[in-house]
Amino acid sequence: MFRLSPELKRRVQAELKEYPELKRKITLLEYESRNPQRITENEVIGALSLSRPAQEAAKPAGYVSDKTMRIAFQFQEETERLNRDAAFEIAQELFSVRSKVEKLEFYVSQLPPKQAEVIRKHYFEEISWPALQKELHVSSRTLISRRDDGIAALANMYQYMEQVTQNAKRGKAEKEG
């Protein structure tokens, strides 16, 4: 295959360690996208209508000047834009995090079964090393070997795909140049 850099292996291992946190982020982002915190137009208009200058104190309760209404509607439009932007940011982040998780899960699924099992249980399910030894009835040395071989195989996949995308970019640049 390819000569693997220690940096690439560290990056793969860091991504594996990040997996449980990514899954928690997906849950949080999904919740926030289903239940966004929003400011309603009534809240905006109500807040502005209650904040009258002192000289308007003689006006009847509930009176809203044209100037206040213009400001309220401008603020309402801005609030709607901010709410849309926040929802878009959540959706973008959710897409990004899901993509990372799906990539990790797919790449791990391409490993030999024993390597994939150790990677999934240790990194994805956060099973401790001693508990994993007990569950699989293997020595620590065997687990380390399976983990290290799995990480090396994942690093090979990453390196291969990086090379493919670099070649594609180079080919596109040559066609355009």
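Which residue forms a salt bridge with R24, and how far apart are the closest N and O atoms? The partner is E126, with 3.8 Å between the closest N and O atoms. E126 sits in the loop between α4 and α5 while R24 belongs to helix α1, so this pair ties together parts that are 102 residues apart in sequence. R24 itself counts as partly exposed, at 46% relative accessibility. Keep in mind that what you're looking at is a predicted model.

**The overall picture**

The accessible surface comes to about 12400 Å², and carbon and sulfur atoms hold 54% of that. As for contacts between residues at least 6 apart in sequence, 72% join residues at least 24 apart.

**Salt bridges**

Back to the charged side chains. The structure holds nine salt bridges, and here are three of them, including the one from the opening.

| Pair | N to O distance | Sequence separation |
|---|---|---|
| E162 and R11 | 2.4 Å | 151 residues |
| E126 and R24 | 3.8 Å | 102 residues |
| R98 and E30 | 2.5 Å | 68 residues |

The E162 and R11 pair links helix α6 to helix α1. Both ends are partly exposed: E162 has a relative accessible area of 30%, and R11 has a relative accessible area of 30% too. R98 lies in helix α3 and E30 in helix α1, so that bridge ties together two helices through residues 68 apart in sequence. R98 is partly exposed at 32%, and E30 counts as partly exposed at 24%. There is also a network: salt bridges that share partners join R11, E15 and E162.

Leaving aside neighbours within four places in sequence, E30 is in contact with L94 and R98. E30 and I90 are 60 residues apart in sequence, with 8.5 Å between their C-alpha atoms. I90 is in helix α3, which spans residues 66-109. Setting aside neighbours within four places again, I90 is in contact with L29, E32 and S33. From I90 to L28 the C-alpha distance is 9.9 Å, across 62 residues of sequence.

**Aromatic pairs**

How many aromatic pairs does a search of the whole structure find? It finds three. In one of them, Y19 and F124 are stacked, at 3.7 Å centre to centre with 15° between the planes. That pair links distant parts of the chain, with Y19 in helix α1 (residues 6-34) and F124 in helix α4, 105 residues apart. Both Y19 and F124 are buried.

F106 and Y107 have ring centres 6.3 Å apart and planes at 65°, so the pair is edge-to-face. Is F106 buried or partly exposed? F106 is partly exposed, with a relative accessible area of 48%, whereas Y107 counts as buried at 11%. Ring pairs link F106, Y107 and Y158 into a cluster.

Helix α5 covers residues 129-136, and its buried residues are W129, L132 and L136. These three cover an arc of only 60° around the axis, which puts them on the same side of α5. They pack against α4 (113-124) and α6. The face turned away from this buried side carries the exposed residues P130 and K134. After α5 comes H137, with a positive phi near 55°.

Which residues make the nonpolar surface patch of about 250 Å²? Y160, M161 and V164 do. M161 has its place in helix α6, residues 140-176. M161 is partly exposed, with a relative accessible area of 34%.

How values were computed: Residues numbered from 1 in each chain as written. Predicted model: local features only at pLDDT ≥ 70, side-chain atom pairs only at ≥ 80, totals over all residues. Heavy atoms only, no water. Patch = residues over 30% accessible without salt bridge, like charges linked within 9 Å, V, L, I, M, F, W, Y side chains within 5 Å. Areas by Shrake-Rupley, 256 points an atom, 1.4 Å probe, with all protein chains shown as cover. Salt bridge = Lys/Arg side-chain N within 4 Å of Asp/Glu carboxyl O. Helix = DSSP H or I, 4+ residues; strand = E, 2+ residues; numbered from the N terminus. Buried < 20%, exposed > 50% of the residue type's maximum accessible area, 1.4 Å probe, protein only. Arc of directions from axis to C-beta. Contact = heavy atoms within 4.5 Å. Phe/Tyr/Trp six-rings, centres within 6.5 Å; stacked < 30°, edge-to-face > 60°.
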